[in-house]
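Me: Could you take a close look at one part of this model for me, the sheet, and then show how it sits in the rest? Please give the cut-offs as you go.

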Amino acid sequence: MLVTANMKQTIRYARTYRYLMLSKVRTAGLVFLVVLPASCFWAFFSPEITGALAYISKDILETGLGTGSFTIGMTNFSLGDISYLLTEGIMPDILFSLGNFLVTLIILFILTFFLKIRPITIFIYIALLVHLCSCLFFIFFPELFPYTLAEYSELYMKQQMGIFICMTFVMGCVTSFLPIAPWKVILAVLGCGIYSFVFAVVRYTTFLFLMKEFSVLYMACMFFTFGPLIDFLYLVSIYSLVADHTSGMLAKDVGVWKW
Amino acid sequence: MVIIFFMKLYFVITVLVMLAYAVRHTVFTYNRLYQPQKMYCQDILSSDIPFVSVLIPMHNEELVAHGVLDALLRCDYPADTEGNRKMEIVPINDFSEDKTREILDTYAAKYDCIHPIHRYSGDRGKPAALNEAMKSAKGQIIVVFDADYIPARGLLRELVVSFMDPEVGAVMGRVIPVNTEANILTRLLDLERSGGYQVDQQARYNLNLLPQYGGTVGGFRKDLILATGGFKVDILAEDTELTYRLACSGWKIVYANTAECYEEAPETWEIRARQIRRWARGHNEVMFRYFGTLLSTKYLRPLQRIDALMLLTIYLMPVVLLLGLLDSLGLFFLGEMDIIDGWWVLLFIGAYNTFGNFAPFFEVGTANILDASRQRMFLLPYLSFNFYFYLWFITQGFFESVVDVLTKRKASWQKTVRFRQGGTGV
């Protein structure tokens, strides 16, 4: 057969039907030796981790609010003991609740009639609706509000443990199945874990500060709006870095593809 | 106490349903990335490829009509023994008020294979237009394109060759946005489409489940549709209806991943909102009609039935989630948020994993790895906010479909606004 320099030696199918060979041993090894232990790490060391989180937050908050404002409490959790900060929040009076209600209504009105539809406006819209519910609750049934700031702090910490474990597990699983070197999977899991912890400190501190200094009226909005879905932002961001790297790597090494 | 019990029960059920979708998408992703792929009939080289009628419903399409007609005329579809191409192009002018009519007549005067139909009476909308065009179409095989699509040269043959298999009732090709450089929305839609076709549709085809006929870049057997009464004119999602009509009567639907076709994706969020709302309304109308039929049909195996059911209810999930959010809000104010010791986070993880963007982030990421795309991968986090966007507008579409069903209201067709500025856009 005549083969010239311009002719392809092999005609491959295009991207449409290509696939990769999975190293089952490598993937199983990563899942059992990295992902599961990393996920369990949070549960095994939950007293220490939540203790550190509570201690750092306490330190930061007391720098601004003065010492003695917070104490560290402990409670049982299905995965072990957890520590959390004990403090008192400010209950809103009727005027504060009404003021918030009106301001929220005005912003909702502006969003509805003056701003263009965007995903971020829908996100803000839903957050404001949650806050509106909170305002109504405090206007009509303030005495029935079921949480003190200490109870909220406990609920937050339990939820945070769930976030730590799930984020690590999800990140580990999605990267273990990518054809990349094991150390990159470990790096992604580690990066996700560290970011998760730092973000948890920032969020916990901010929440407690706002509710202690301003009002527990904002509790529902913060709980529902800046909860786990926000954690997914950094999880997906880290994943996109890994996936982009994988895509680039595979583009250079077409030999790994099967057709 | 009873109310709280049911609120918690709903919460837990929602988590389980979302996790079921998460498992489904994980299986799809794994299958697409690591399993040998099932090809369709593209390797058949037949001299007896059938005559095809290409139907293009058009309502005020003066901006894009040239593009699709020029692209179809460039197609290298086989000719018969006398040298005539075995295809006709039937653009259907459906109540247009712009220059669509003049454009089509100009093309018809110039090319013998273009046979336009002008409709200014009867029902409006794509299903009615297709029904009318099918009556005069010469081909037994019908291929449909929306007016903003730009088929590649070999596309028609790639689609029609599927019908060499007598069990195939419909075929669906892959849709790729052409205007990805327009703005962030079109780039995000490109990401979503990639996940939806490269992974989701192909994996469903690999696993002998139910690939979806999408109403454009696809074809079907004319007699099959006419024998069952044509398209239902009161349904907005005639494509989904056709998918389930065929699946419930034992016909195969083929997904042709090589048959790539370019479309113009919506360039504004307002248009996208209207589009997704219309899809949700139409899809849910089909859900109400076919839920029972799907459960009772004898033509689907258990796994096929489960997947078809999950596909049928996919536009119901945002509503389930929104109710889950309201439910959790209620539980929060009742002081009962401590469900499963704080593990309520699972709801949101399940939610995101399953419905964040019709395809979860790892499925979209996998599709882009397969497509060898790089930079657009960094847009993945933006899809998180689309979750709320879809939650909002799909829920609206769902309630519209409920009203449609309860009041027998007839949905009016809404055209997607075009953005092309002359030429073919390629």
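Reply: Happy to. Let's start with strand 1 of chain B, which is covered on both faces: Val52(B), Val54(B), Ile56(B) and Met58(B) are buried on one side, and Ser53(B), Leu55(B) and Pro57(B) are buried on the other. Helices (H or I, at least four residues) and strands (E, at least two) are DSSP runs, numbered from the N terminus.

A word on the source: this is a predicted model, in which local features need pLDDT of at least 70 and side-chain atom pairs count only at pLDDT 80 or more, while totals for chains, interfaces and linings use all residues. Residues are numbered from 1 along each chain as its sequence is written, and chains are lettered from A and ligands numbered from 1 in the order in which they are written.

Now to the neighbours of strand 1. Two strands count as paired if DSSP finds at least two bridges between them. Strand 1 of chain B runs parallel to strand 2 (residues 87-94) of chain B, with seven bridges, and Met58(B) has Asn93(B) as its bridge partner there. Strand 1 (residues 52-58) of chain B is also parallel to strand 4 of chain B, through four bridges; in that pair, Val52(B) is bridged to Ile141(B).

Strand 4 (residues 141-144) of chain B is covered on both faces too, with Ile141(B) and Val143(B) buried on one side and Ile142(B) and Val144(B) buried on the other. Four bridges link strand 4 of chain B to strand 7 (residues 218-221) of chain B, this time antiparallel, and Val144(B) is the bridge partner of Gly218(B).

Further along, strand 6 (residues 168-177) of chain B pairs with strand 8 of chain B in the parallel sense over nine bridges, one link being Val175(B) to Cys261(B). Put together, this is an open sheet of eight strands in chain B with mixed pairing, in the order 3-2-1-4-7-6-8-5. Strand 3 (117-119) and strand 5 (150-151) of chain B are at the edges with a single partner strand each, so one side of each has no neighbour in the sheet.

Stepping back, chain B has 14 helices and eight strands. Its radius of gyration, taken over C-alpha atoms, is 22 Å, close to the 22 Å that the globule rule gives for 426 residues, so chain B is as compact as a globular protein of that length; the rule is 2.2 Å times the number of residues to the power 0.38. The C-alpha trace of chain B spans about 80 × 45 × 45 Å along its principal axes, and 54% of the 426 residues in chain B are buried.

Finally, the partner chain. Chain B brings 46 residues to the contact and chain A brings 51 residues, where two residues are in contact if their C-beta atoms, placed from the backbone, lie within 7 Å.

Notes:
A residue is buried if 20 or more other C-beta atoms lie within 10 Å of its own, exposed if 12 or fewer, and partly exposed in between; C-beta atoms are placed from the backbone.
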